[in-house]
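Here is a friendly walk through one protein model, with a look at its charged pairs, its interface and its surface. Keep the structure open beside you as you read.

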Amino acid sequence: MWIERLELQNYRQYRSSDIEFAPPGKEGFTVVQGANGAGKTNLLNAITWCLYDQEYYLNPEYEGLPVYHVAPDQGGVSYVPTFVQVRLTLIGAGDKRYVITRKLNLRKDAAGKIVPVPDPGSVSDDGSHFSFLRREGEDMEAVQNPEEYVQEMLPSGIRDYFLFDGERLNSYFQETSGKQIRQAVFDVSQLELLERLIDHLHARQVDFYRDSKALSPKADEARAKYAAATAAAERASQELKEFETQRDQAERQERELAARLKEIAPGDINEKQRRREELDVAIPQLEKDLETIQQEKRRFLFSMAPVVLAAEPLIEYQALISKSVESGQIPPDYTRTFIRKLLKEHKCICGTDLNDGTPQHEAVKAVLIGVDKLSDLSTELIEEGARARSLIHEVTGFPHQLQILNESISKLDGRVNENKRELKRIQKEIGDTNLDKVRSLESQIQEYRQAKDRAIDQAGAKRHERDAEAQSAGKYKEEVDREWGKDQKHRELLKMVHFCEAGLATAEEIKESITTMVRKDVEAKTKAYFLDLIWKKNTYSDVKIDPDYKVTVEHQSGREALGTLSMGERQVLALSFVAALNRVSGFDMPLVIDSPLGKISETPKLNIAQNLPNYLKGKQVVLLVTEEEYTDEVRDALRSSVGREWRIVYREGEGGAEAGVVKYGQ
Amino acid sequence: VVASEVNERIREAISRSDADPEVKEFLARMLGFELENLSKSTWRYMDLYEKEIARTVGQIEKQPEKAD
């Protein structure tokens with residue numbers, strides 16, 4: 001369908017305006033430019049009033065005001081309208097013309113107030129007359145049930161994806177839940193038809209069961225068990241879905257937080273921090289150990305210094321003693337005991353008498369005195385010699401012992417330095433990282449991980465429960481079938497029920513597959529349009545609509561970015577989503593956008609102006625824009641797509657305002 | 001009507017499905033009926049469902065006889 005013409009008679013600020021739209025073809029865009037408040041949005045309202053008897057986009061300033069035109073006084077003469085009318089002329093397939101008119105007659109009441117004159121045959125809320133004419137040959141024929149025809153042409157449920165206020169788009173993903181997105185996808189898929197079919201078929205199936213009750217109480221009993229088991233299986237299935245959703249959500253959250261963590265703390269920050277704390281303890285301990293061993297070395301050196309310095313004389317001293325021993329100088333040849341025994345026995349071993357007083361006795365006695373002295377000295381010398389030997393041994397072991405100590409010191413010193421270098425490197429790597437934030441993120445990740453694990457466990461248990469209930473339901477179903485098969489009537493009912501079941505199963509399967517297909521199609525197109533339209537070419541990488549219809553925008557880093565989009569970026573996302581829905585819907589209706597570039601700055605504005613015509617090839621597009629939106633650059637960018645340009649001329653006076661539409665440039 | 005073009009997606013899915021031909025034909029027929037009566041209340045044509053189900057089941061019943 002293509003809007004060929006929009007005629008307004010006494011509609012709000014328009015006394016009489018006639019807008020001819022760009023014809024189908026390459027230049028299918030029509031631009032209507034007007035200042036804020038001049039009446040652009042009321043053109044959108046005029047279209048919805050004509051089609052649906054509703055003004056969906058009414059500004060608060062117009063709410064409660066009558067739909068008819070109140071012109072400013074002209075020289076004290078007030079204009080009194082006798083009707084308000086909006087007429088749309090459409091071109092359909094095969095160049096067929098359709099004329100849709102909504103008209104509300106007016107009159108002045110006794111008090112001089114203008115009041116509507118409801119049409120006797122009207123089904124509209126405001127009593128307006130509605131007509132839908134279709135050209136047949138040379139004549140125009142009235143379409144039967146015109147309201148239904150309009151609904152088929154553009155169901156009011158999806159009108160928001162064809163006629164919309166661009167300025168409201170930026171709040172779209174703030175206020176819109178997954179449920180609404182799902183509804184939008186659902187609406188454009190025309191699955192309402194299939195849903196109605198499923199509802200009706202299911203209702204009939206229930207009727208067949210109910211009819212069978214009186215015929216077979218046993219069947220009814222089995223049916224009740226079957227219904228209970230089926231309901232339990234369904235409940236378990238729903239709960240399973242919830243757990244799976246919880247699991248997916250927790251997993252998604254975990255992924256997003258991990259990506260954020262990666263952004264603020266590259267590498268394994270936690271491991272680094274743990275190592276830093278370890279080094280903070282280890283380094284002082286190693287330094288303490290080093291100090292201890294250095295003290296030990298000092299003590300060792302102090303204790304060994306005299307010995308080492310006296311090593312040479314000691315060696316000589318010990319050698320002398322050894323030599324004396326070896327030469328027999330020490331100890332003395334005779335022991336004191338031996339000599340004393342000779343003196344006591346008064347007999348020398350040579351047989352000489354050693355009687356007291358004899359010279360022999362005195363001579364031996366003198367030997368005893370000499371031996372006494374030499375014996376003590378030699379014992380002392382031998383002992384000294386042993387001590388000297390021990391000291392010499394220590395001196396000999398000194399270099400080795402010193403080397404051991406030095407090696408230990410060097411090793412410890414090396415470890416201290418190595419640890420200090422590592423600590424410095426870690427400190428540099430960790431830098432200004434907000435460790436509290438890191439810990440908080442890690443803690444949250446851990447919570448989501450636990451939540452995911454819980455959900456996996458619960459889903460597993462629920463899956464078993466569902467399968468068990470489904471198995472029971474299967475057994476009861478067999479019982480129902482057995483009971484029902486007992487008589488002809490039941491057999492007939494059984495066939496009807498089975499047929500309904502088969503139909504329902506197929507319809508449900510188709511519904512599911514189309515919903516998924518459309519969701520993926522909308523997702524792919526939204527992503528393509530968004531990444532094309534967005535001016536930050538290296539910031540965003542993906543747009544997703546998950547099975548729960550949650551829309552996400554992925555940052556290049558992998559984190560979720562929907563919440564951080566600017567107002568203009570959100571508007572571009574919503575514009576992309578709506579354009580995708582429009583494209584996927586298959587409805588061949590014009591796209592009328594009020595203030596499409598209102599919240600968008602200059603460069604992105606041009607980008608959109610250059611790309612939008614590509615996405616909406618073959619579609620009729622009407623842009624209602626302000627002067628600020630329709631800059632010379634934007635106009636140039638759209639030039640090859642625009643077939644008609646209009647400008648709203650607005651005049652405000654005492655008692656009312658008046659707007660008219662003139663060709664752009666006049 | 002434009003909506004019938006959209007409806008084509010559902011019709012195609014029905015024809016591609018693994019269901020019995022009678023079920024497919026029934027669903028396509030009832031879908032067309034839903035499209036025609038989109039704005040009507042449900043109760044107006046619940047009888048039609050029963051009639052169509054009975055008719056289709058009746059046709060299925062007759063098939064083996066024809067084969068005999």
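Lys544(A) is partly exposed, with a relative accessible area of 36%. The side chains of Lys544(A) and Glu554(A) meet in a salt bridge, 3.3 Å from N to O. A salt bridge here is a side-chain nitrogen of Lys or Arg within 4 Å of a carboxyl oxygen of Asp or Glu. Lys544(A) sits in strand 10 (residues 540-545) and Glu554(A) in strand 11 (residues 551-555) of chain A, so the pair ties together parts that are 10 residues apart in sequence. Helices (H or I, at least four residues) and strands (E, at least two) are DSSP runs, numbered from the N terminus.

Before going on, please note that this is a predicted model, in which local features need pLDDT of at least 70 and side-chain atom pairs count only at pLDDT 80 or more, while totals for chains, interfaces and linings use all residues. Residues are numbered from 1 along each chain as its sequence is written, chains are lettered from A and ligands numbered from 1 in the order in which they are written, and side-chain values use heavy atoms, leaving out hydrogens and water.

How many salt bridges does the rule give over all chains? The count comes to 44. Here are some of them, with their N to O distances.

| Salt bridge | N to O distance |
|---|---|
| Lys544(A) and Glu554(A) | 3.3 Å |
| Glu645(A) and Arg635(A) | 2.6 Å |
| Arg196(A) and Glu34(B) | 3.3 Å |
| Arg204(A) and Glu50(B) | 2.4 Å |

Glu645(A) and Arg635(A) form a salt bridge of 2.6 Å. This pair links distant parts of the chain, 10 residues apart: Glu645(A) is in strand 14 (residues 642-653) and Arg635(A) in helix 15 (residues 632-638) of chain A. Glu645(A) is partly exposed at 22% relative accessible area, and Arg635(A) is partly exposed at 22%. Elsewhere, a network of salt bridges links Glu271(A), Arg274(A), Arg275(A), Glu278(A) and Glu422(A).

**Where two chains meet**

The side chains of Arg196(A) and Glu34(B) form a salt bridge of 3.3 Å. Arg196(A) lies in helix 5 (residues 191-213) of chain A and Glu34(B) in helix 2 (residues 21-36) of chain B, so the pair joins two chains. Arg196(A) is buried at 15% relative accessibility, and Glu34(B) is buried at 0%.

Across the interface of chain A and chain B, the rule finds two salt bridges. Helix 2 (146-153), helix 5, helix 12 (488-533) and helix 13 (567-585) of chain A each supply at least two residues of the side that touches chain B. Which helix of chain A gives the most to that side? Helix 12 does, with 12 residues.

In all, 36 residues of chain A are in contact (heavy atoms within 4.5 Å) with 36 residues of chain B. The size of an interface is often given as the accessible area lost when the parts come together. Chain A and chain B bury about 3300 Å² between them, 72% of it on carbon and sulfur atoms. That area is the accessible area (1.4 Å probe) that two parts lose on being put together, summed over both.

**An exposed residue in a loop**

Ile349(A) is found in the loop between helix 9 (336-345) and helix 10 (359-430) of chain A. Ile349(A) is exposed, with a relative accessible area of 69%.

Methods
Buried means under 20% relative accessible area, exposed over 50%, partly exposed in between (1.4 Å probe, protein chains only).
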